[in-house]
Amino acid sequence: MLFRSPRRTALALLAGVSACAQVRRLLPVNEPTTRDPALTRFVAELKEVVARRDESSLLKLLDPRVRSSFGGETGIAEFRQWWKLDQPGSKLWPLLERLLALGGVWEGDSYVFPYVFARFPEDLDSFEHAAITGQGVWLRTNPSPEARGVRQLRYDVVRVLGQTDEWWEVETLDGARGFVAERYVMSPVSYRLILGKRGQWRITALVAGD
């Protein structure tokens, strides 16, 4: 099972990360699933299940040994308990929506959402940096949508200075500091969704960390 990003290749560098002076960018990637039509069908079904918030159908898409954390037990019952699926307002559904929307990549025989985890530059500390996941994203002087904009970011890699549920305080690699709305920032050690084929495609892990 895949949990760590492998050594970057020259192809991945060309596809994902660009650098100009001290500015570095992690461009979005969404690699085709078409090398295995069964995966294409699985991802389409998964997106429909998530859109419906259909717990029973989601559980059927889990591998029997699905991993929810690095330290806990594996399995569907553990997954259901970890994500509090028996309670209203589980954070699982918006998380899955976001990961699936960001796009995924092949990592060996697995397919991983989001691209940020698998394509983040290895020479940067994954716990101290993050990626901006959009273009025209405002870096603001204060954590408010009404605050003055410092500059607009475009898929920039940034240093993380602090965070709340709604805002991240960051610094660009060329020294501009400010706040970015949480929905536009993704840490490479945040949650990733790993799909694997064990006879048929299943969700094999939804984990965070390194």
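Tutor: Lys84 sits in the loop between helix H4 (76-82) and H5. Helices (H or I, at least four residues) and strands (E, at least two) are DSSP runs, numbered from the N terminus. This is a predicted model, in which local features need pLDDT of at least 70, side-chain atom pairs count only at pLDDT 80 or more, and totals for chains, interfaces and linings use all residues. Residues are numbered from 1 along each chain as its sequence is written, and side-chain values use heavy atoms, with hydrogens and water left out.

Student: Why is Lys84 called partly exposed?

Tutor: Buried means under 20% relative accessible area, exposed means over 50%, and partly exposed lies in between (1.4 Å probe, protein chains only). Lys84 has a relative accessible area of 44%, so it is partly exposed. Its phi is positive, about 50°, although Lys84 is not a glycine.

Student: Which value is given for the phi of Tyr155?

Tutor: Phi of Tyr155 is near 55°, a positive value in a residue other than glycine. Tyr155 is placed in the loop between strand S8 (149-154) and strand S9 (157-163).

Student: Is Tyr155 buried or exposed?

Tutor: Its relative accessible area is 13%, so Tyr155 is buried.

Student: What makes Thr172 count as buried?

Tutor: Thr172 has 2% relative accessibility, so it counts as buried. This residue is found in strand S10 (residues 167-172).

Student: With which side chain does the side chain of Thr172 make a polar contact?

Tutor: The partner is the side chain of Asp174, at 2.4 Å. A polar contact is a pair of N or O atoms within 3.5 Å; within protein, one must be able to donate a hydrogen and the other to accept it, and residues adjacent in sequence count only if both atoms are side-chain atoms.

Student: Which residues is Thr172 in contact with, leaving aside its neighbours within four places in sequence?

Tutor: They are Leu139, Arg151, Leu153, Val158 and Arg159. Contact means heavy atoms within 4.5 Å.

Student: What makes Glu31 count as partly exposed?

Tutor: Glu31 is at 24% relative accessibility, so it counts as partly exposed. Glu31 lies in the loop between strand S2 (23-26) and helix H2 (37-52). A polar atom of its side chain lies 2.8 Å from the backbone nitrogen of Trp106. Leaving aside neighbours within four places in sequence, Glu31 is in contact with Gly104, Val105, Trp106, Tyr111 and Arg119.

Student: Why is Leu102 called buried?

Tutor: Leu102 has a relative accessible area of 14%, so it is buried. Leu102 lies in helix H5, where Leu92, Trp93, Leu95, Leu96, Leu99 and Leu100 are among the other buried residues. Beyond its neighbours within four places in sequence, Leu102 is in contact with Val29, Pro114, Tyr115, Thr133 and Met186.

Student: What follows H5?

Tutor: Gly103 does, with a positive phi near 100°.

Student: Which value of omega is given for the cis peptide bond from Phe113 to Pro114?

Tutor: Omega is near -5°. Pro114 has its place in the loop between strand S5 (110-113) and helix H6 (115-119).

Student: What makes a set of residues a nonpolar core?

Tutor: A nonpolar core is a set of buried Ala, Val, Leu, Ile, Met, Phe, Trp, Tyr and Cys residues joined through side-chain atoms within 4.5 Å. In soluble globular proteins, nonpolar side chains tend to be buried together. Here the largest nonpolar core has 46 residues, and those with the most contacts inside it include Leu46, Phe79 and Leu206. H5 gives the most to this core, with seven residues. Apart from it lies another core, of 11 residues, among them Ala130, Ala176, Val180 and Val185.

Student: How many residues line the largest pocket?

Tutor: It is lined by 19 residues, of which Lys91, Leu95, Arg98, Glu182 and Tyr191 lie nearest its centre. On a 1 Å grid over the protein atoms alone, a pocket is an open set of points where a 1.4 Å probe fits, with protein on both sides within 12 Å along at least five of seven lines; lining residues have an atom within 4 Å of a point. H5 gives the most to the lining, with three residues.
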